[in-house]
Amino acid sequence: QVQLVESGGGLVQAGGSLRLSCAASGRTGRILMLGWFRQAPGKERELVASIRWRDGMKDYVESVKGRFTISRDNAQNTLYLQMNSLKPEDTAVYYCAASLTYAGGYDYWGQGTQVTVSS
C-alpha cells in the first residue's frame, strides 16, 4: 500500500503562485509514476502533470505548460507542483496520485487540496 497526503492549497489572486506538496509513505519503492490531477466543479478530472519517479521524465497538459513545474524529492518521498501565473480557470481540487506502472492507470490517490484563484 502507498499513502499520499497533499498540502499547500489555498486562495490566491490571479497572477500569483502556490506550491503543492504530496508526501508519499508505505511501499514507495513500487512507485513508477506520480501525477497531479485536478477537478473543477462540473468538469471531469484531468491529468495536469506527471513525472517518472526514477528518471524524472515529465509531461504536462498544454494549458499549464510554462506556468507549472512538477518535481520530486526521492530522498524525502515527496512530490511537488509549483504553480505560477495562476489563472481563475486553474481553480480546482488538486490530487496527487501514484502509479505502479508506466502505462496503466493510477493506483493510489491523495485526499485532495483546494486551490482557488480569484480574479
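Strands here are DSSP runs of E of at least two residues, helices are runs of H or I of at least four, and both are numbered from the N terminus. With that settled, N77 lies in the loop between β7 and β8, and I will come back to this residue.

First, the ground rules. This is a predicted model, in which local features need pLDDT of at least 70 and side-chain atom pairs count only at pLDDT 80 or more, while totals for chains, interfaces and linings use all residues. Residues are numbered from 1 along each chain as its sequence is written, and side-chain values use heavy atoms, with hydrogens and water left out.

Now the overall picture. The protein has eleven strands and zero helices. Its C-alpha trace spans about 40 × 25 × 25 Å along the principal axes. The radius of gyration, taken over C-alpha atoms, is compared with a globule rule of 2.2 Å times the number of residues to the power 0.38. For 119 residues a compact globule would come out near 14 Å, and the protein has 13 Å, so the two agree.

Next, burial. Buried means under 20% relative accessible area, exposed means over 50%, and partly exposed is in between, with a 1.4 Å probe and protein chains only. By that cut-off, 45% of the 119 residues are buried. Contact means heavy atoms within 4.5 Å. Of the contacts with a separation of 6 or more, 52% are between residues 24 or more positions apart.

On to the cores. A nonpolar core is a set of buried Ala, Val, Leu, Ile, Met, Phe, Trp, Tyr and Cys residues joined through side-chain atoms within 4.5 Å. The largest has 31 residues, and L81, M83 and Y94 touch the most other members. The elements giving it two or more residues include β1 (2-7), β3 (18-26), β4 (33-39) and β11 (113-118). A second, separate core has five residues, among them M33, Y95, A97 and Y106.

S50 lies in strand β5 (residues 46-52) and counts as buried because its relative accessibility is 8%. Not counting residues up to four places away in sequence, S50 touches M33, L34, G35, M57, K58, D59, I70 and Y106.

M33 is also a contact of Y102. Y102 is in the loop between β9 (92-99) and β10 (108-109), and at 40% relative accessibility it is partly exposed. Beyond neighbours within four places, Y102 is in contact with L32, M33, R52 and R54.

T28 and A40 are twelve residues apart in sequence, but their C-alpha atoms are 28 Å apart. T28 sits in the loop between β3 and β4 and is buried, at 12% relative accessibility. Apart from neighbours within four places, its contacts are V2, W53 and N77.

That returns us to N77. What is the phi of N77? It is near 50°, a positive value in a residue other than glycine. N77 is partly exposed, at 22% relative accessibility. S85, in the loop between β8 and β9, also has a positive phi, near 50°. S85 is partly exposed, with a relative accessible area of 42%.
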